[in-house]
Amino acid sequence: IRVSRELHPENTVITTAHSHIGEGLTIMAGPDAIESEAHLREIGTAVRDLGATILRGGSYKPRTSPYSFQGVGEAGLAIHRKVADELNMDMMTEVLDTRDVALVGQYTDIFQVGARNMQNFALLKALGQQAKPVLLKRGMSATLDEYLFAAEYIAAFGNPNIILMERGIRGFDAKYTRNVFDVAAVPVLQSMTHLPVLVDSSHAAGKAKFVEPLALAGIAAGAQGYMVELHNEPAKALVDGDQALTTVQFAQLVQQAQAIYDIV
Ligand code: PEP
C-alpha cells in the first residue's frame, strides 16, 4: 500500500509555505474554536513568537451535543486566513463534510480530518482529490491497521500529503483523562509508514495540567511534532476550556519539548 514504509523507506516531508512537517519538530497551536479575530490574533501572535508555524482552529466543530456551539462557519475561515497571513503561519482547520471541502479549500493550507471522521470514506476520497495536505487524526477506537487504511484512501485517490496524529483512544477511566494517550502508536506507526506522525495531547489529556507530560512523552517516543490548544481565558472558552493551555503554560511546554527532542 502507498503509505507503507516498505514501499517508501524514506520519511515523507510535507512542505507548506511556513512548515516542513516531518523534518524537525513541528508545532501546531491555536484555539480549539475560532471565536473572534482579536482572540485568534492574540493567541496566534503568542504561539508564533514561541515557534509554532501552523495556526489551528475550528470553524466547523464536531460536537457531541447538537445543542453545543457548532463553530462560526465561513466567517471563521475568513478570519483564520487573514490572521494566519498576518502572522506568516500556515492555516489548518477541520472539514466535517464533503459538501464543505471546496469552500474550506478556498481558505485553508491544511485540511484537518477529526477523530470522528477518520473512517468517513466519502470525505477521505474527496480530500484525496485535493492538492493541499491533510492532517488525519486517529479515530478514538481505530486500530492502527484501520488508521493506515484510512490514510490509504487519501493517498489512493491522489493526495500523498498526509500527516498522522495520535490524539488518544477510548479507555475506561475517562474521569481522569479524556482519552488514553497511546504513546506506543508513535513508534509503531513510524515503523509501518513513512508519513509524519505527530501527537495531540490536548484531546488525549482533556485537562490542561496533563497536556504537557503527554506531549513530552509523545516527543520522547519519536513524534515529529505536536499540537496543542490554547485560550487566553480558558474558563470562558466556547469549546473545551478544560484542556486549553495559557500562553505561559505553552511557553514552558515549548522549552521542555525542544529539550526532549534534542535528546531523542
Ligand atoms: C480538534 O482538534 O479540534 C478536534 C475536534 O479533535 P479530535 O478530532 O481529535 O477530537
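Modeller: Start at N88, which follows α2 and has a positive phi, near 55 degrees. Helices here are DSSP runs of H or I with at least four residues, strands are runs of E with at least two, and both are numbered from the N terminus. This is a predicted model, where local features need pLDDT of at least 70 and side-chain atom pairs count only at pLDDT 80 or more, while totals for chains, interfaces and linings use all residues. Numbering starts from 1 along each chain as its sequence is written.

Biologist: Where is N88 found?

Modeller: In the loop between α2 and β5.

Biologist: And is N88 buried or exposed?

Modeller: N88 is exposed, because it has 11 other C-beta atoms within 10 Å. The cut-offs are 20 or more for buried, 12 or fewer for exposed, and partly exposed in between, counting other C-beta atoms, placed from the backbone, within 10 Å of the residue's own.

Biologist: What about D240, what's its phi?

Modeller: Near 50 degrees, positive although D240 is not glycine. D240 sits in the loop between β10 (225–229) and α9 (247–263). D240 counts as partly exposed because it has 19 C-beta neighbours inside 10 Å.

Biologist: Back to α2. Which of its residues are buried?

Modeller: G76, L77, I79, H80, V83 and A84. They line one face of the helix, because seen down the axis of α2 they fall within an arc of 165 degrees, the arc being that of the directions from the helix axis to the C-beta atoms.

Biologist: Why would residues three or four places apart point the same way?

Modeller: Because an α-helix has 3.6 residues a turn.

Biologist: What do the buried residues of α2 pack against?

Modeller: α1 (37–49), β4 (54–56), β5 (90–94) and α3 (101–107). A contact means two C-beta atoms, placed from the backbone, within 7 Å.

Biologist: Now the sheet. How many strands are in the closed barrel?

Modeller: Eight, running β3-β4-β5-β6-β7-β8-β9-β10 with parallel pairing. Two strands pair if DSSP finds at least two bridges between them. Direction ignored, neighbouring strands are turned by 25 degrees against each other on average; axes are lines fitted to C-alpha atoms, for helices over the stretch in contact, and angles run from 0 to 180 degrees between N-to-C directions.

Biologist: Zoom in on β6. How many bridges join β5 to β6?

Modeller: Three, and the two strands run parallel. E94 stands opposite Q112 in β6. With α3, β5 and β6 make a right-handed β-α-β unit. Right-handed means that, with the strands pointing away from the viewer, the path from the first strand over the helix to the second runs clockwise.

Biologist: And what does β6 pair with over three bridges in the parallel sense?

Modeller: Strand β7 (residues 134–137), where V134 stands opposite F111. The chain gets from β6 to β7 through helix α4 (residues 121–128), and that crossover is right-handed.

Biologist: Last one: what does S4 touch?

Modeller: M192 and T193, leaving out residues up to four places away in sequence. S4 lies in the segment before β1 (14–15).
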